[in-house]
Amino acid sequence: LENDIKENQVGDIICMTVVVKKDVSLFEVIVKMFLSDVGSIFSIDDEENLCGVVSRKDLWKATIEEHDINKMPIGMVMTRTPNVVTAERDESVILAARKIIEHEVDSIPVIETDKERNITKVVGRISKTNITKLFLEIVGE
């Protein structure tokens, strides 16, 4: 059982992600987050480079502070890179799970570095939910 868990890589259980451009409004992000039913959204620039992450908690905090959510860009409330915790496809699921727990987040972006263009592209996400599904699959539940 332990080997089954350790053999899995992030790329084995990666799920689709939701991204927005860094200059969209808080309102647009709130709508997208709830229509997509995700706990966090990743922000990118025009070159698709990872810029940051915004969580439900970030959005809640911004709305109770009475900002104009139609005018305020997401870049004002998101956690910016390099402070965003990330994973790569070939990373172990165990390491990704540790990152999620240590940083107290629901999911982290899975990235791929394009060295030619010098960008960090978001290729998916790994979440508490898909890690839990993997564990249940391994134990036959």
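Predicted model: local features only at pLDDT ≥ 70, side-chain atom pairs only at ≥ 80, totals over all residues.
Trainee: What is the strand order of the open sheet of four strands?

Mentor: This open sheet has mixed pairing. Its edge strands are strand 1 (19-21) and strand 4, each of which pairs on one side only. The order of the four strands is 1-2-3-4.

Trainee: How many bridges join strand 2 to strand 3?

Mentor: Strand 2 covers residues 40-44 and runs antiparallel to strand 3. Within this pairing, Ser40 stands opposite Ser55 of strand 3. The number of bridges joining strand 2 to strand 3 is five.

Trainee: Which residue in the turn between strand 2 and strand 3 has a positive phi?

Mentor: Strand 2 and strand 3 form a hairpin, and five residues lie between them. The positive phi in the turn is about 70 degrees, and the residue that has it is Glu48.

Trainee: Which residue of strand 4 is the bridge partner of Val53?

Mentor: Strand 3 pairs with strand 4 (residues 79-80) in the antiparallel sense, over two bridges. Gly52 stands opposite Arg80 in strand 4. For Val53, the bridge partner in strand 4 is Thr79.

Trainee: How many of the six residues of strand 3 are buried?

Mentor: Strand 3 comprises residues 50-55 and is mostly covered. Helix 3 lies across strand 1, strand 2 and strand 3, while helix 4 lies across strand 3 and strand 4. Of the six residues in strand 3, the number buried is five.

Trainee: Is Ser43 buried or exposed?

Mentor: Ser43 has its place in strand 2. Leaving aside residues up to four places away in sequence, Ser43 touches Val20, Lys21, Lys22, Asn49, Leu50, Cys51, Gly52, Ile74 and Met78. The cut-off for the buried class is under 20% relative accessible area. Because its relative accessible area is 2%, Ser43 is buried.

Trainee: How many nonpolar residues does the contact of helix 3 with helix 4 have?

Mentor: The crossing of these two helices, helix 3 and helix 4, is left-handed. Helix 3 contributes Leu26, Val29, Ile30, Met33 and Phe34 to the contact, and helix 4 contributes Arg56, Leu59, Ala62 and Thr63. By class, one residue is polar and one is charged, and the number of nonpolar residues is seven.

Trainee: Which strands are the edge strands of the open sheet of three strands?

Mentor: The order in this sheet is 5-6-7, with mixed pairing. An edge strand here pairs on one side only, and the two that do so are strand 5 (87-88) and strand 7 (119-127).

Trainee: Which residue of strand 7 is the bridge partner of Ile111?

Mentor: Strand 6 (residues 107-114) pairs with strand 7 in the antiparallel sense over eight bridges. Helix 5 (residues 93-102) lies across strand 5, strand 6 and strand 7, running at about 125 degrees to strand 6. The bridge partner of Ile111 in strand 7 is Val122.

Methods. Residues numbered from 1 in each chain as written. Heavy atoms only, no water. Left-handed = near helix turned anticlockwise from the far one by under 90°. Contact = heavy atoms within 4.5 Å. Nonpolar A, V, L, I, M, F, W, Y, C, P; charged D, E, K, R; others polar. Buried < 20%, exposed > 50% of the residue type's maximum accessible area, 1.4 Å probe, protein only. Pairing = 2+ DSSP bridges. Axes fitted to C-alpha atoms, helices over the stretch in contact; angles between N-to-C directions.
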